[in-house]
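The sequence and structure come first, then the notes by topic.

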Amino acid sequence: MSRKHFHLIAAARPNFMKVAPLYHAFLKESGWATPVLVHTGQHYDYSMSAAFFADLGLPDPNVNLEIGSGSHAEQTGGVMIAYERYCRDNPPDWVIVVGDVNSTMACSLVAKKLNLPLAHLEAGLRSRDRTMPEEINRLVTDAIADLLWTPSEDADDNLRAEGVAPERIVRVGNIMIDSYELMRAKIEAVDVPGELGLAGSYGIVTLHRPSNVDNRAALAELTALLIAISRKATLVFAVHPRTAARLKEFGLDREMAAAPGLRLIEPMGYVRFMSLVRRARFAITDSGGIQEETTYLDIPCLTLRDTTERPITVSQGSNRLIKPAQLAAAVDEVLGGRWAHGKRPALWDGHTADRVIANLRQVCRV
Ligand code: UD1
C-alpha cells in the first residue's frame, strides 16, 4: 500500500498546540501515514509562531505560505490562493484542519473545491454569536467537512441539530489536553513565576478579542478594572500584539505600565506560558484555549465574554462568563476561597490524538 499523505494545517498560535500532538501521533504510525505540516503564516512573530514550534517539538513546516496579517478577506483569500497552488503541486490524501481561525476555513474551502477529503478537529463548538469571526469559520468548516472530530457531547448535539449525518461525527476528546500532557514534564521543570519574582499569588490575564480590545471605551473600562484589581492581587498580563497595538493607539499603555501590581509581559511560548498558568490563583481571559486549560487544572477562570463555544467549561469546569461590571466581585470570590471547584470533562485525558489516528485507520482501512 502506498503511504497516505495528511496535510496538517497550522496557522496561528492556538492551532500549533492542536497540531503538535497529532503530528507526534502520526510519526508513531510506521508504514502508512506521512504528516505534512502546512503553515499558512497567519501568525508570524517569533513569540506567536516559531516559539511554539520549538516548544512543541515540531520541525520546520514542510511549507510556509507566509500570508501574514490583513483584513479577513485579505487573509482568507490569500490563504486560499496560496494553499490551492500548494495542493495542486502536492496533492494530499486528506486535509486536516483544527480550531476556528481564518486559515482553518480558508484551507477547508480549498480542500473541498479540489474534492479532497477533509477532517476537522475540534468540530461542533458554537458560541451562537455570529459577530465573532471564529463562529463563521466554525460554521463554514463544519458544513463542508467529511469527518468531524468533536471534544464534547454539546458539540455532537450542535452538529446533529445542524443536520450533519451522525456517521460523520466522532467524539475524540479535547486535543489541547494532549498538548499539556505531552509537555507536562517540561512545563513542571521551568519556574517562570520565580523568574518573574512573583512571590505570592497572582492572576494571569490575556485579552485579544475584537469585542474587548478594538473599541476604545471597552478597552479603557477593562484597563481601569485591571488596574483597580491589581491593587488587591498581582496581575500578569501577557499582551497579544493586537492588544498591544490598541493600547498604544488609544493612549492606554502608559497608565497600564505605571500600575505597580500589573506586570505586562510579551506573549511567550507554550511551555513558559503554561508554567505561569498552572501556578496562577485565577485567570482573566477572553481566549478559548485558556478556558479549557484552566478547567483541566481546576483554576478559577473569569471569562470576559457574553458567550462561550465551550459551555462544558462552565457546566463542569471552573470557568464562568463575567461581565466587566462583575469582574472585581468575582476576583474577591476567588481570593476569599468561595469559587466552586470543577471537574474534568470526559475524554479530556491526553489520548485524543490516539483516538483520531484510530479513526483514520478505520476510515482509510489500514
Ligand atoms: C487569531 C484568531 C483567533 C485566535 C487568535 C489567537 C482568526 C479570525 N482569529 O486572532 O481565533 O484566538 O488568533 O492568537 O483567525 N499580529 C502580529 N504578529 C503575529 C500575529 C498577529 O503582530 O504574529 C497582529 C496583526 O498584525 C494583527 C493582529 O495581531 O493586527 C491580529 O492578528 P490576526 O491573526 O488577524 O488575529 P488574532 O487577533 O491574532
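In this predicted model, a backbone N or O atom of Asp 45 lies 2.9 Å from an oxygen atom of the ligand. The ligand takes up the space of the largest pocket, and the protein covers 86% of the 740 Å² of accessible area that the ligand has on its own. The structure also holds one cavity of 30 Å³ or more.

**Ligand contacts**

- The side chain of Gln 42 places an N or O atom 2.8 Å from an oxygen atom of the ligand.
- A polar side-chain atom of Glu 134 is likewise found 2.8 Å from an oxygen atom of the ligand.

**Shell around the ligand**

- The ligand has 20 residues around it, and those that come nearest are His 43, Ser 69, Asn 102, Glu 134 and Arg 242.
- By class, the shell consists of six nonpolar, eight polar and six charged residues.
- At least two residues of the shell are supplied by each of H1, H3, H5 and H11.

**Largest pocket**

- The pocket that holds the ligand has a volume of about 1,000 Å³.
- Contributions of two or more lining residues come from helix H1 (13-27), helix H3 (72-89), helix H5 (133-144), helix H11 (241-249), helix H13 (270-278) and helix H14 (288-297).
- Its lining has 47 residues, and Pro 14, His 43, Met 48, His 208 and His 240 are the ones nearest the centre of the pocket.
- The lining of the largest pocket divides into 19 nonpolar, 16 polar and twelve charged residues.

**Second largest pocket**

- The second largest pocket has a volume of about 320 Å³.
- H5 and helix H9 (210-213) are the elements that give two or more residues to its lining.
- H9 provides the largest share of that lining, with three residues.
- Of the 16 lining residues, Ser 211, Asn 212, Leu 304, Arg 305 and Asp 306 lie nearest the centre of this pocket.
- The lining of the second largest pocket comprises six nonpolar, four polar and six charged residues.
- H5 is listed for the second largest pocket as well as for the largest pocket.

**Cavity**

- The largest cavity contains about 40 Å³ of space.
- Leu 121, Glu 122, Pro 151, Gly 173, Asn 174, Ile 175 and Glu 292 form the lining of the largest cavity.
- By class, that lining has three nonpolar, two polar and two charged residues.

Notes
Residues numbered from 1 in each chain as written. Predicted model: local features only at pLDDT ≥ 70, side-chain atom pairs only at ≥ 80, totals over all residues. Heavy atoms only, no water. 1 Å grid on protein atoms, 1.4 Å probe; cavity = no way out; pocket = protein on both sides within 12 Å on 5 of 7 lines; lining within 4 Å. Points joined across faces, edges and corners; volume = space filled by probe spheres on them. Nonpolar A, V, L, I, M, F, W, Y, C, P; charged D, E, K, R; others polar. Helix = DSSP H or I, 4+ residues; strand = E, 2+ residues; numbered from the N terminus. Near = heavy atom within 4 Å. Polar contact = N/O pair within 3.5 Å; in protein donor to acceptor, adjacent residues only side chain to side chain. Areas by Shrake-Rupley, 256 points an atom, 1.4 Å probe, with all protein chains shown as cover. Sits in = over half its atoms within 2 Å of the grid points.
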